[in-house]
Amino acid sequence: MRSPGHGRKRRGPAPRRPGPPAWSGPLEALCARLDTTPQGLSQARAEARLASGGPNTVEARHRRSLPVELLLRLGNPLVLVLLVACGVSAVVHDLTSSAIIAVIVLISVALDFVQEHRASNAAERLRGAVALRARVLRDGEERELPAVSLVPGDVVLLAAGSRVPADARLLASRELSVNESLLTGEPYPVEKAPADVPADAPLAEVGNAVFSGTSVLEGTARVLVFATGGDTEVGGITRSLDAPVASTAFEKDTRRFSGMLMRLTVLMVLFVLLVNLTLERPLLESFLFAVALAVGLTPELLPMVVSVTLARGALRLASQGVIVKRLSAVHDLGCMDVLCTDKTGTLTEASIRMERHEDASCEQSERVLEWAFLNSHFATGLRSPMDAAILARPLPCTQGWSKQDELPFDFERRRVSVLLEKAGRRVLVVKGAPEDLLSRCEAREDADGTVRALDTAARDALQARVDALGEEGFRVLGVAWREGLSPGAPATLEDEARLVFAGFVAFLDPPKQSARPALAALAQAGIAVKVVTGDNARVAVHVCRELGLEVEDVLTGAEVALLDDPGLRARAGSTTVFARVSPAQKGRILRALRQRRHVVGYLGDGINDAPSLHEADVGISVAGAVDVAREAAALILLRQELGVLHDGVMEGRRTFGNVMKYIRMGTSSNFGNMLSMAVASLVLPFLPMLPIQILLNNLLYDVSELAIPLDTVDAEQLEKPPRWDMRFVRLYMAVFGSLSSLFDAATFAVLLRGFHADATLFQTGWFMESLTTQVLVIFIIRTRGGPGRSPPSRWLLLSSLSMVMVANVLPFTPLGAFFGFVAPPPRVLLSLAALVVLYLLCAALLNRWFLRRFSTA
């Protein structure tokens, strides 16, 4: 069977290597060229080739050296402006200012670099924990190794569910079927077998080789690797399961938010610079003040705080049994409000037992069991747990039978057929979904072996029996057969018609009792659980009710097929169970839920789950899943328990809560500073703060916030899925920024009118008041219940109070003179302290009222 993509022109092929392609010519010649044998390479030779040829990865992560990474951060436009200002200061012989600006800039850049470098290393370690692995023959023995360590000449073993780790030639195979949509764009399976292929054959017709990135749907194979990494066919193709994931709504909103603040900052800086030039203040001083103000007002810590907070959340999840492959998935998990999951293994024990084998008269029948055993014994494609349950009861019925052909299982037909022969008798034995199988039967076999016509009444009675078994929680397979096929002819899909119905095989997969409290906890957390399964609707509903999951509505795959996208979108929200759905329909269901503005998670572990895992906001798989499912997922559960997932959701919400603390703190502080600087520039005859004082303020403020990712989060913030609300953020910024500016104005009045402060005393006083209120307000903003009810982490307490202490002690030290400070008199200190206390009281009252009035999170 050839792929329908036959002859299709590929997009972005890898450059052909000199000489004939590896899939043409005799295998012996390829083995000689690769200097290997069908038993594989020795470990020593493989390591030598890996050292010379490089790792087997298309997108090698070339880590830059630490000095280069540090220097690249100096390319930030704002940092470049400051370095220019540093250079200008040096040219005009203001060496002190030049040195201080340079030191402060380098310290700020170093802080950001260290935190992000640590987060990057953590992400790399987590990625390595779930890296693709392959079964390889080394020194003649089978080993499981990371796929990146494969080299040309390795012999790899493949099975259904495997992702092909490199381009390889088939040495031996059994009923091998591969999905090559990564290369051809066609979803149809392609059969593979060791055979001669012309050198000029199109890629879609190369049946004796498998290619990196494709996935094995059925069968097994032993293959010889001839190309790895960038030399593979997929090396020049960008569309793959590893393609960069589209930006999440959170990432887009944070970028848009940062851009909004940057625009406001640029406008305000231009305004301040124009005012200073209009008032004929020194050009260099005005320029330094403006560029320092630009750095001081922009949320330069936002990317670092987000990445560090997400990385810390990922490390916590790893300790709880959840491996994070994509850091932004931590946020997505916290915001998830709909979880779609399969039933088997998640809601049930996945320990399927065969309980009944009934004939068409609904009586226990050994003959039905024999037909089912023959099908499962000779089928070599994708095996299910139900095949294992059938084969767990050995029968001698296979003696004398030989297999002639097979029609492997696929998720559209939902059945598997084997063509058998015994003493000249050719029989096609079919096993699959009973409702589909009954529609293809024209007769039934009674207990005595008599074959009778299957009329409408009998068919309806058999379907009723299937429904009754489903109501009792049984999973049911139908078994049928057909004789009279042409001698020597292979089996075709057309042969799966005019069948004789033999009976049912019923299985029981008991509900997983540990899922009951987990489902209750997810519901309490505001997450709707929806079961999306290929199983019978009645079985799925029975399991849900056994576990206390309320079923509002049920949609079958047949009903989904009749709905257009708006209709499915309307039904999806209230539907709890989607049964008998195909992989394509799973994708439609997920898109419909996302279009209803839900944040959707999908939990799956099978080959047919990979597209859905890629489609969901957060794809979740398990450590025991097939390769393609683990590759497509953003999160991997080391234990297949919903309780683990609930813990992950809570960690994601804590992560989101800490990011929002910085957002609220940074926006209100920055906006207030912008207003204050604008007012001060208009009314003061001198600069309200020296450029190096602004930079120092910014540095101390940044250090005080570094512990935000380590802070605790209010319990009420974990009760329901959080949402990014730009209207709330803008309103919070305006209200609290105005409050900050109001107290800055009060500080100006106290210093100028009350104490007739000169420029130096004014700048010192405002520096102390500004930084103290900026930093201490985090203890108001971080919680809705007040610091007494929700105490901060000791690290946040330590970092914040230590920076406040530095800011208030510095003017009294010899170092303070370098920053242009003067020691304020005691009366000034008392007045500033009173203003700080009053500000914090007003901020606490306003914060409580504001969150109750406007917060939707």
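A salt bridge is a side-chain nitrogen of Lys or Arg within 4 Å of a carboxyl oxygen of Asp or Glu. These close-ups come from a predicted model, in which local features need pLDDT of at least 70 and side-chain atom pairs count only at pLDDT 80 or more, while totals for chains, interfaces and linings use all residues. Residues are numbered from 1 along each chain as its sequence is written, and side-chain values use heavy atoms, with hydrogens and water left out.

**View 1. R538 and D467 form a salt bridge.** The closest N and O atoms of this pair are 3.0 Å apart. R538 sits in helix 16 (residues 537–546) and D467 in helix 14 (residues 456–471), so the link joins parts of the chain 71 residues apart. Helices (H or I, at least four residues) and strands (E, at least two) are DSSP runs, numbered from the N terminus. R538 is partly exposed at 32% relative accessibility, whereas D467 is buried at 17%. Here buried means under 20% relative accessible area, exposed over 50%, and partly exposed in between (1.4 Å probe, protein chains only).

**View 2. K431 meets D387 in a salt bridge.** From N to O, the distance is 3.0 Å. Look for K431 in strand 13 (residues 425–432) and D387 in helix 12 (residues 385–391), 44 residues apart. Both residues are buried.

**View 3. E651 pairs with R316.** Their closest N and O atoms are 3.3 Å apart. E651 is buried at 3% relative accessibility, while R316 is partly exposed at 24%.

**View 4. Salt bridges can also join up into a network, as R356, E358, R465 and E472 do.** Across the whole structure, a search finds 29 salt bridges.

**View 5. The largest nonpolar core has 128 residues.** A nonpolar core is a set of buried Ala, Val, Leu, Ile, Met, Phe, Trp, Tyr and Cys residues joined through side-chain atoms within 4.5 Å. L339, I620 and L642 have the most contacts inside this core, and helix 22 supplies its largest share, 13 residues. Leaving aside residues up to four places away in sequence, L339 touches several partners, including L522, V529, Y602, I620 and L645; contact means heavy atoms within 4.5 Å.

**View 6. A second, separate core has 29 residues.** Among them are M354, M386, W481 and V500. In soluble globular proteins, nonpolar side chains tend to be buried together.
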